Amino acid sequence: MSLFLIAGSTQSNHDAQGDDELVIDVDPESAPQPQSVPSFPALSAAAVQSSTLKSETRRIPIPPHRITPIKKDWVNIFSPLTEILGLQVRMNVQRRCVEIRTSRHTKDIGSIQKGADFVKAYALGFDVNSTLKDAIALLRLDDLYLDSFEIKDVKTLHGDHLSRAIGV
């Protein structure tokens, strides 16, 4: 439903005098006074408890060529997510994805994003065993994040030019 106010659309004595503007009188005493700091009431114990009980879930798709390596390295992927971040993790083989969710042991709000970045990095081809310190840094540090792009979105390359650009 939309409400429109069109000023000057009706004919009146004011229009005959050439006055088409809309004037609203406001009593200055009844208008709300601006406050310097907003005041919000404290949350009740039930509201705090209900907000902490909600779990958040993420599904990270795993490409078909990374299914076998993730099965081999599952302990190295599973352990940091559960021990450092306090997340619940499982591999859904039918959907070919890793499912992570928060639990009551999760301390930080951003833990699920860090865990998703960690698993996504592995799905993109990062090796957990050789670069375990770098992968764990994704989980422990707040200023790190993962971003990727297709090189073909930037420049159209073929053959040897593409492999040199990727840096293989």
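This is a predicted model: local features need pLDDT of at least 70, side-chain atom pairs count only at pLDDT 80 or more; totals for chains, interfaces and linings use all residues.
Of the 168 residues of the protein chain, 25% count as buried. Among the contacts between residues at least 6 apart in sequence, 58% join residues at least 24 apart.

**Packing of helix 4 and helix 5**

- Helix 4, which covers residues 74–83, packs with helix 5, residues 111–124, at an angle of about 170°, and the two axes lie 10 Å apart.
- Because angles over 145 degrees count as roughly antiparallel, helix 4 is described as roughly antiparallel to helix 5.
- The crossing in which helix 4 passes helix 5 is right-handed, and the contact is made by N76, I77, P80 and L81 on the side of helix 4, together with G115, F118, V119 and Y122 on the side of helix 5.
- Sorted by class, this contact of helix 4 with helix 5 consists of six nonpolar and two polar residues, with no charged residues.

**The aromatic pair in helix 4**

- A search of the whole structure finds one aromatic pair, formed by W74 and F78, whose ring centres are 6.0 Å apart and whose planes stand at 40°, so that the pair counts as tilted.
- Both W74 and F78 belong to helix 4, where they are four residues apart, which is about one turn of the helix.
- W74 has a relative accessible area of 21% and is therefore partly exposed, and F78, at 31% relative accessibility, also counts as partly exposed.

**A116 in helix 5**

- A116 is found in helix 5 and counts as buried, because its relative accessibility is 6%, and buried means under 20%.
- When its neighbours within four places in sequence are left aside, A116 is in contact with R58, I60 and I100.
- The C-alpha atoms of A116 and E99 are 9.0 Å apart in space, although these residues are 17 residues apart in sequence.

- Apart from its neighbours within four places in sequence, N92 is in contact with C97 and E99.
- R96 is found in the loop between strand 2, residues 88–92, and strand 3, and with a relative accessible area of 45% R96 is partly exposed.
- Most residues other than glycine have a negative phi.
- For R96, however, phi is near 55°, a positive value in a residue other than glycine.

- I109 lies in the loop between strand 3, residues 97–101, and helix 5.
- Because exposed means over 50% relative accessible area, I109 counts as exposed at 79% relative accessibility.
- Although I109 and E56 are 53 residues apart along the chain, their C-alpha atoms are separated by 9.8 Å.

Notes:
Residues are numbered from 1 along each chain as its sequence is written. Side-chain values use heavy atoms; hydrogens and water are left out. Axes are lines fitted to C-alpha atoms, for helices over the stretch in contact, and angles run from 0 to 180 degrees between N-to-C directions. Helices (H or I, at least four residues) and strands (E, at least two) are DSSP runs, numbered from the N terminus. Angles under 35 degrees count as roughly parallel, over 145 as roughly antiparallel, 65 to 115 as roughly perpendicular and the rest as oblique. A crossing is left-handed if the near helix is turned anticlockwise from the far one by less than a right angle, and right-handed if clockwise. Contact means heavy atoms within 4.5 Å. Ala, Val, Leu, Ile, Met, Phe, Trp, Tyr, Cys and Pro count as nonpolar, Asp, Glu, Lys and Arg as charged, and the others, Gly among them, as polar. Buried means under 20% relative accessible area, exposed over 50%, partly exposed in between (1.4 Å probe, protein chains only). Rings of Phe, Tyr and Trp (its six-membered ring) pair if their centres lie within 6.5 Å; planes under 30 degrees apart count as stacked, over 60 as edge-to-face and the rest as tilted.
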